[in-house]
Amino acid sequence: MTIADSRTLDALDFASVRDRVVSATRTQRGRALASDLLPHSDFELVRREQLRTEAMRSLAASADVTIMPAVETVALTEAAAVGQTLGPVELRAIGDTLAAAAAAYKAVREHPDLTAVVAPYTPLRELQHSLTDAIDERGTVLDRASPALRRIRRSLIQAQSEARDRISAILNGAKYAKVIQDRVVTIRDGRFVIPVKAELAGALPGIVHDTSSSGQTLFVEPLAALESNNRVRTLQIEEEREVQRVLQALSAEVGRSAVEIDANVEVLAVLDLLAAKAELARVSQAIMPELSDEPAVTIAGGRHPLLDERAVAQSLTLGEQTRLLVISGPNMGGKTVALKMTGLFVVMTYCGMQLPSGSSTSIGRFERVVADIGDEQSLVANTSTFSAHLQRMREVMDGANARTLAIVDEIGGGTEPTAGVALAIAMLEWLLASGARAIVSTHSTELKLFAHATPGVANASVRFDPATFKPTFELDLGAPGQSLAFPLAARLGISEAIVERATALMEDRERDYEAALAELALRNSELREERRRFEHERHELAGARELVAHDRADLDAARRRFGSGAEERLQQALRDFVRELERRSAEPGSQRTGTRRARVTPSQTALLAQTIEQIHRDLGIRPEEERASDERTYAPGDRVRILSVNQEGVVAEDWDERLLVAVGSMKMMVDKSDVRREAGESKNVRTATRGVDTRMAAAGRTTAALDVRGKRYTEAEPLVERWIDDALLAGNSPLRLIHGKGTGLLGRGLQEYLRGHPAVTSFRYGTEEEGSSGVTIVELRS
């Protein structure tokens, strides 16, 4: 059951789209399925097919699936099932087809959207290997096909060598030198013979097997070699019988598994068809459309699938607000392209194909798509263009409902204009009343006015260059189009006088309408140019903003590097200062004089901390994140100054946005915005303790190995991120990430994540001892 009849598919040129799918298939049965491809009527099946095509495209993009060529096996398996013996080429073809099916099944079996597709598959590994091990790609039965065949062929080689040696001895001897025509060992009828001169044939006792075309040479088997040749011939017959027995046995195995083979080939064909759709989507840069239960079509930047690089993107919408779209404009401007593209997008979606359009394209649920495009007059059926059009319109309206999509080119055309327009309006009103969705093209002014005045109906026009009157093939929604008959006639060489006379013959109302449309088209063109200019300026502004942000980020990074370096040098200077004090206190003179050992007192430590803090503030090298964190976080014991009363106090408790502060024997609740932290030892001690606690906690959590086998990439990524963060804090490196082999998708995805991680310096697959390609070894920066 399909939503579009053959006349609709022909009018939309669907066969040409389908041919592209056919050409992308790799198997004979897959090609047959593609040739029979039709849009489904079951919307749930459409959803499944879209998901399957997307799944196959994702697998193909990661090089995880390749469909190998395969022949149609049904005739061969049916013959084998009734006891016929297949030839070696046919048996090898079945083996290769089974191998192709097994490879495709293995590649896709883990994808949830393809599980139902491969459910009928039955592993036939033993049969596949029996066929491919016994027969090579050229159809030759190999020695390993059976132990008996191997033994016979070894004996045959030995017998042939003995027979050849006997013939060579006669050829090289002097006894028959004058009789021999050429000193070459020749084979006739599987027997080794000697080329002998015809006039001296009686001089060499033997059996004549053949003569040359000239009759001057006889090919004689010497009696002395008769026994050796008989043994060769006997072994050749045994070989032929054993080969036939092997073929019979293999054919019997194929016959017993005929049903399973056919099911596997069917699975391969379905996967082949999906792969062909995916390849066509890749080449045309297509997307999987959104599917809606509403009878609606939204095309965002759609490109006609048969125009390739010549296609111009068009956008349109049919839905509850705009149920009928009337497209007008000059001939050769792209009206029919827009109609066919809309119809093709719907039927392609219902075939499980992706669409060459923008990501917001949406196709709704329809029960019927019917099109009337082109000239269908028939001399045989005695129908004119107009009568054929009316017959088709009757079919369009018969059974039309809210889930019908009608596509009509030049509605009401082909007859007297006034009557044609009246019929067209009446038919459009009927379609509106039925709830159908429709897209039609016209040149009629009355239909443009009808679309403007009727709720649920909208105008659209194909765009043209107002200066040259050349079409741009773009679509403007909301505005009717000009016919441009007079400018087109002038551009094609019609006399200027004729064009002027035709203009004068038009009614004033028509001239005014065309002039208004021309002015509107010019204004639209100016607005589009203005919009393009604004878009260009906005793009430039965004680029400038991005550049400023990048420069600011570079400056912040440079400031942080400077701050880090300054901090390190300052800390080193302090350490050198303390060591110098200790060195001096350890000198012999100071010990003899009883001088006490120098040490840094707590008050000196506090003074140094205040000095360092002041240096940080003066140089502006304190990290922003530390500043923000420190300013908003307080711990019991921190000394603060309450600004509103200019009193010092000690923090008792931190209540998020407020603090409980002890001032002497009194406690008071104040806002954090009303306090300023006073420099003191407690904050430095707390900061150092917090850093140590964080590192100790990370060291307790982290391990050198993480196992994410059986998880999806989206589940594994946050685990790996947390694992790397903990390893950085704990100082662990290298790390061992266990993701398994499987299809390779998880491993490659995680390696792509590692490639962009700033803390990862390198990574590689493990060695055989480390776990091979199922493990990734990660090195972190120190």
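Reader: Does Tyr105 count as buried, partly exposed or exposed, and what is its relative accessibility, if I may ask which it is?

Author: Tyr105 counts as partly exposed, at 22% relative accessibility, where buried means under 20% relative accessible area, exposed means over 50% and partly exposed lies in between, with a 1.4 Å probe and protein chains only. This is a predicted model, in which local features need pLDDT of at least 70 and side-chain atom pairs count only at pLDDT 80 or more, while totals for chains, interfaces and linings use all residues. Residues are numbered from 1 along each chain as its sequence is written, and side-chain values use heavy atoms, with hydrogens and water left out.

Reader: How many aromatic pairs does a search of the whole structure find?

Author: The search finds 2 aromatic pairs, counting rings of Phe, Tyr and Trp (its six-membered ring) whose centres lie within 6.5 Å, with planes under 30 degrees apart called stacked, over 60 edge-to-face and the rest tilted. The rings of Phe43 and Tyr350 have centres 5.7 Å apart and planes at 45°, so this pair is tilted. Phe43 belongs to helix 4 (residues 43–61) and Tyr350 to helix 12 (residues 335–350), so the contact ties together parts 307 residues apart in sequence; helices (H or I, at least four residues) and strands (E, at least two) are DSSP runs numbered from the N terminus. Phe43 is buried at 3% relative accessibility, and Tyr350 is buried at 0%. The rings of Tyr105 and Tyr121 have centres 4.2 Å apart and planes at 15°, so that pair is stacked.

Reader: Changing topic, in what order do the 4 strands of the open sheet run?

Author: The order is 1-2-4-3, with antiparallel pairing, two strands being paired if DSSP finds at least two bridges between them. Strand 1 (186–188) and strand 3 (206–211) are at the edges with a single partner strand each, so one side of each has no neighbour in the sheet. From one strand to the next the twist averages 50°, with axes being lines fitted to C-alpha atoms, for helices over the stretch in contact, and angles running from 0 to 180 degrees between N-to-C directions.

Reader: And which strands does helix 9 lie across?

Author: Helix 9 (residues 147–172) lies across strand 2 and strand 4, at about 15° to strand 2. Helix 10 (residues 226–256) packs on the sheet as well, touching strand 2, strand 3 and strand 4, and its direction makes about 140° with that of strand 2; contact here means heavy atoms within 4.5 Å.

Reader: What joins strand 2 to strand 4, then?

Author: Strand 2 (residues 191–197) and strand 4 (residues 217–222) run antiparallel and are joined by 4 bridges, and Pro195 stands opposite Phe219 in strand 4. Arg188 lies over the face of Phe219, at 4.1 Å from the ring centre, where a charge sits over a ring if NZ of Lys or CZ of Arg is within 6 Å of the ring centre and within 35 degrees of the ring normal.

Reader: What meets the side chain of Glu221?

Author: Glu221 meets Arg191 in a salt bridge at 2.8 Å, N to O, the rule being a side-chain nitrogen of Lys or Arg within 4 Å of a carboxyl oxygen of Asp or Glu. Glu221 in strand 4 and Arg191 in strand 2 are 30 residues apart, and both are buried.
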